[in-house]
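Below are some notes for a colleague who has not looked at this model before. Please read them with the structure open.

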Amino acid sequence: MPTTLYSSVRTNAAMDETAVNAATLHARARREYWSLLSLSFPALAFVVVVLLVPTGWLFSLSFIGDDGHFSLVNYQRMLDQPSYRTVFKTTFLLSLAVTFCALCIGYPLAYMLSQLRRRTANLCLLAVLLPFWTSLLVRTYSWLVLLQRKGLVNTALMDAGLIDQPLQMVHNFMGAAIGMTHIMVPFLVLPLYASMRAINPNYVRAAASLGASPWRAFRDVFLPLSLPGLLAGVSLVFVLCLGFYVTPALLGGGKVIMIAMRIDMNLRLYSSWGAASALGAVLLVVTALILYAAQYVARIGFGRGAFR
């Protein structure tokens, strides 16, 4: 009996010591956390001043009516006027079309780059990045020269006898989509290539050694492993397309009105800061929801192996 009592006392003392040590480690961890966090306070203050304050000012302006008082008239106008619905429809349709075209071009390109030797792939990747060294405005005007009625494309097609009269490829939806796709392809290729490059090629070889055809090895092994990079690239392209201004304004010829162009019209023609701020706020919220949805799909889908 005394031995049992002594063992019980020692066990309780060891448990108390363990609890004290855990509490001490937890307190040290918290102090270290706050010490490291304090180092980022200047950067956080900069973000608050440069990003959060203007965003809050933008949202506050969207709730001010023409009389200078609180009002929801700027948001009500989006629901009542068909022109706003047309702008939103055009923006999302064009963004989806450009994202789809960039996907059709960018995925095979990124796959080809990932299968090359690293030195050769770096040289080819340099060609993909080359458009970044040219002004966006210059690239847009280049497409205008190529696609106009007497441009190089129509001239070549007519000289070859493939068409009888010039095709209307600019100042419409197709022209804006072509120009935006050319600009957006590198934004899809870069994260996709990084994801594909990280895939161990032995996985595909193992599938082939087990009797899988090249197509099945790609479909069941390579494609699921590349989906995180694909989701990141598609989300990036779609979000960037939502705020496009220069390319659809020039290649659309005033017939393709997107949200950014409508914001410019509200400020430049009507001097309506409230209406412009409401459109900017809606665009910001939509962008945040898209990014959150992409993050949710990546966390839930990939975490549970839904795409394997």
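1. Helices here are DSSP runs of H or I of at least four residues, and strands are E runs of at least two, numbered from the N terminus. The model is predicted, so local features need pLDDT of at least 70 and side-chain atom pairs count only at pLDDT 80 or more, while totals for chains, interfaces and linings use all residues. Residues are numbered from 1 along each chain as its sequence is written, and side-chain values use heavy atoms, with hydrogens and water left out.

2. Serine 62 belongs to helix α2, which covers residues 41-62. Serine 62 is buried, at a relative accessible area of 0%; buried means under 20%, exposed over 50%, and partly exposed in between, with a 1.4 Å probe and protein chains only. The side chain of serine 62 comes to 2.5 Å from the backbone oxygen of phenylalanine 59. Contacts (heavy atoms within 4.5 Å) of serine 62, leaving aside neighbours within four places in sequence, include Ser71, Asn74 and Tyr75, as well as Gly274, Ser277 and Ala278.

3. Helix α2 has a kink of about 35° centred on valine 48, the bend at a residue being the angle between axes fitted to the seven residues ending there and the seven starting there.

4. Most residues other than glycine have a negative phi. Histidine 171 has a positive phi of about 60°, and sits in the loop between α7 (152-159) and α8 (173-197). Histidine 171 is partly exposed, at 34% relative accessible area. Serine 271 also has a positive phi, near 50°; its place is the loop between α12 (259-268) and α13 (273-303). Serine 271 is exposed, at 55%.

5. A nonpolar core is a set of buried Ala, Val, Leu, Ile, Met, Phe, Trp, Tyr and Cys residues joined through side-chain atoms within 4.5 Å. The largest one has 31 residues, and those touching the most other members are Leu94, Val98, Tyr107, Met180, Met184 and Val189. Two or more residues each come from α4 (82-115), α5 (118-129), α8 and α10 (214-242). Helix α8 gives the largest share, 11 residues. Beyond four places in sequence, tyrosine 107 has contacts that include Leu192, Met196, Phe218 and Phe222. Another core, of 17 residues, lies apart from this one, with Val87, Phe88, Val239 and Ile263 among them.

6. How many salt bridges are there? The count is three, taking a salt bridge as a side-chain nitrogen of Lys or Arg within 4 Å of a carboxyl oxygen of Asp or Glu. Aspartate 264 pairs with arginine 268, with the closest N and O atoms 2.8 Å apart. Both lie in helix α12, four residues apart, about one turn of the helix. Aspartate 264 is partly exposed at 21%, whereas arginine 268 is exposed at 54%. Shared partners join Arg216, Arg219 and Asp220 into one network.

7. Aspartate 220 and arginine 216 are about one helical turn apart, because they are separated by four residues in helix α10. Aspartate 220 is partly exposed at 37%, as are arginine 216 at 47% and arginine 219 at 38%.

Conventions. A polar contact is a pair of N or O atoms within 3.5 Å; within protein, one must be able to donate a hydrogen and the other to accept it, and residues adjacent in sequence count only if both atoms are side-chain atoms.
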